Amino acid sequence: MKTILFVIDMLSGSRVHKLAGAREACSHLGYHIEEIETSRIEDPIEKVIRYWAPAGCILDDSGNNMSDTSAYADVPLVHLDPSESVLSSPHAFTVSSDNRQIADLAVAELVKTGCKHFAFLGWDKHIAWSYRRQERFCELLKRMNRPFSVMNDTSTFYDKTMLATMSRPFLAELPRPCGIFAANDDFAATVLDICTTDGIRIPGDMFIVGVDDDPVVCDNLRPSLSSVRPGFVNAGRIAMSLLAKLIDNPRMPVEKKVYHPFGLTSRLSTRLVNAHSKRVLSALDLIRREACNGLKASDVVMSFGTSERQAEIEFKNATGKRITQEITDVRFEHVIELLKRPSQTIAPIANLCGWDSDIYLKRLFKQRFGMSMREWRRLNQGSANASDPAT
């Protein structure tokens with residue numbers, strides 16, 4: 001069986017999901033795949049290439065460390081989220097994120113908050129995907145005639161201490177309320193930490209959207225982080241499919257593919273809440289985290305430390321909903337996400353989303369959507385096939 005090398009600087013974050021997509025595609029195409037973390041190997045990459053003699057390589061350059069490809073000689077290459085120089089090369093086969101559409105989703109979410117000022121925090125041109133998001137952000141806000149600010153970090157990509165040092169004075173000077181688009185969730189988490197330390201209310205003084213939408217990260221930040229989901233698994237699939245074509249036909253014309261985001265998960269960092277109550281904000285985060293784990297309204301009431309009546313009044317005044325309605329709404333978000341996955345069977349969905357009875361869920365679903373779950377899936381089959389992060 002021929003071997004494909006998936007070359008990355010470090011297996012973390014988005015790269016894990018890209019590798020999963022590439023693995024899936026390899027299994028269908030009859031290839032074996034090996035991941036090579038350049039930050040962990042002692043041998044030069046030339047020696048690794050000689051050892052594996054790969055049929056082709058996928059180079060994930062989202063960290064901007066793989067522009068020099070001389071070591072790969074004549075091995076067919078596909079560049080995944082490459083640097084600006086590689087992306088613009090007429091000889092390079094590339095797969096890159098649709099950064100314009102990512103910015104479109106982020107700006108639309110922030111505009112809904114009613115902010116009068118907006119800001120982008122990211123990296124300068126040496127991180128191509130960040131700079132492309134910034135360009136689209138500026139283009140959209142100029143078109144809307146909305147005031148905005150931009151911070152470009154020119155420090156080392158992974159230097160979070162420097163990132164925080166540069167971001168703090170920038171954030172302090174922003175007009176409020178301000179809608180902030182951070183280039184990715186790592187940057188957004190830094191912004192959240194600064195705001196928490198400096199007494200800047202989120203949501204309220206600022207509203208924040210990130211990019212990557214890893215639930216393990218976004219649901220466990222305080223407040224939980226609204227984030228665009230770029231579709232990294234699909235990126236890996238597309239890269240492997242393109243590489244297979246190149247292996248079969250080394251003389252094929254150069255192709256540059258784009259993978260599109262699947263949407264945006266709206267969480268507390270962009271939630272319009274008509275109160276400054278920390279208890280309500282904590283309750284919303286609790287519901288976001290635990291709604292699908294059997295959370296009951298009584299559990300949320302207990303977190304208020306007040307009577308049930310007082311908790312319900314405070315919650316409804318702030319959100320316009322009862323506690324049970326918020327729990328149900330969050331559960332249904334997860335139901336829809338599962339229905340979008342072609343590999344997910346319908347029977348277990350009720351249990352996966354916090355209900356004990358699938359019959360009860362089916363009844364609730366029909367009341368809400370006017371159709372069965374199976375009918376909803378059939379009608380939305382196109383978007384379902386495109387947005388399957390689990391397969």
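**Ground rules**

I am working with a predicted model, where local features need pLDDT of at least 70, side-chain atom pairs count only at pLDDT 80 or more, and totals for chains, interfaces and linings use all residues. I count residues from 1 along each chain as its sequence is written, and side-chain values use heavy atoms, with hydrogens and water left out.

**Entry 1: the largest pocket**

I looked up the largest pocket and found a volume of about 860 Å³. A pocket here is an open set of points on a 1 Å grid over the protein atoms alone, where a 1.4 Å probe fits, with protein on both sides within 12 Å along at least five of seven lines. Grid points are joined across faces, edges and corners, and the volume is the space filled by probe spheres set on the points.

The largest pocket is lined by 33 residues, and the closest to its centre are Asp-213, Arg-229, Thr-265, Glu-337 and Arg-341. A lining residue has an atom within 4 Å of a point.

Which helix gives the most to this lining? Helix 13 does, with five residues. Helix 9 (232-248), strand 12 (263-265), helix 10 (278-290) and helix 13 (323-339) each supply at least two. Helices (H or I, at least four residues) and strands (E, at least two) are DSSP runs numbered from the N terminus.

I sorted the lining of the largest pocket by class and got 13 nonpolar, eight polar and twelve charged residues. Nonpolar covers Ala, Val, Leu, Ile, Met, Phe, Trp, Tyr, Cys and Pro; charged covers Asp, Glu, Lys and Arg; the others, Gly among them, are polar.

**Entry 2: helix 1 and helix 9**

The axes of helix 1 (residues 14-29) and helix 9 come within 6 Å and cross at roughly 45°. Axes are lines fitted to C-alpha atoms, for helices over the stretch in contact, and angles run from 0 to 180 degrees between N-to-C directions. Helix 1 and helix 9 are therefore oblique to each other. The angle classes are roughly parallel under 35 degrees, roughly antiparallel over 145, roughly perpendicular from 65 to 115, and oblique for the rest.

I noted contacts (heavy atoms within 4.5 Å). Among the residues that meet are Gly-21, Ala-22 and Ala-25 in helix 1 and Gly-236, Met-240 and Ala-244 in helix 9. The contact of helix 1 with helix 9 divides into nine nonpolar, five polar and three charged residues.

**Entry 3: helix 11 and helix 13**

The axes of helix 11 (residues 297-304) and helix 13 come within 9 Å and cross at roughly 120°, which makes helix 11 oblique to helix 13. Ala-297, Val-300 and Val-301 in helix 11 meet Ile-323, Thr-324 and Ile-327 in helix 13.

**Entry 4: helix 10 and helix 12**

The axes of helix 10 and helix 12 (residues 308-319) come within 10 Å and cross at roughly 85°. Helix 10 and helix 12 are therefore roughly perpendicular to each other. Helix 10 uses residues including Arg-279 and Leu-284, and helix 12 uses residues including Glu-314 and Phe-315. The classes are six nonpolar, one polar and two charged.

**Entry 5: backbone features**

Most residues other than glycine have a negative phi, and most peptide bonds are trans. I found a cis peptide bond between Ile-202 and Pro-203, with omega about -5°. Pro-203 sits in the loop between helix 7 (185-197) and strand 9 (206-211). A cis peptide bond also joins Arg-222 and Pro-223, with omega about -5°.

Where is Ala-53? Ala-53 is in the loop between helix 2 (45-52) and strand 3 (56-60), and has a positive phi of about 45° although it is not a glycine.
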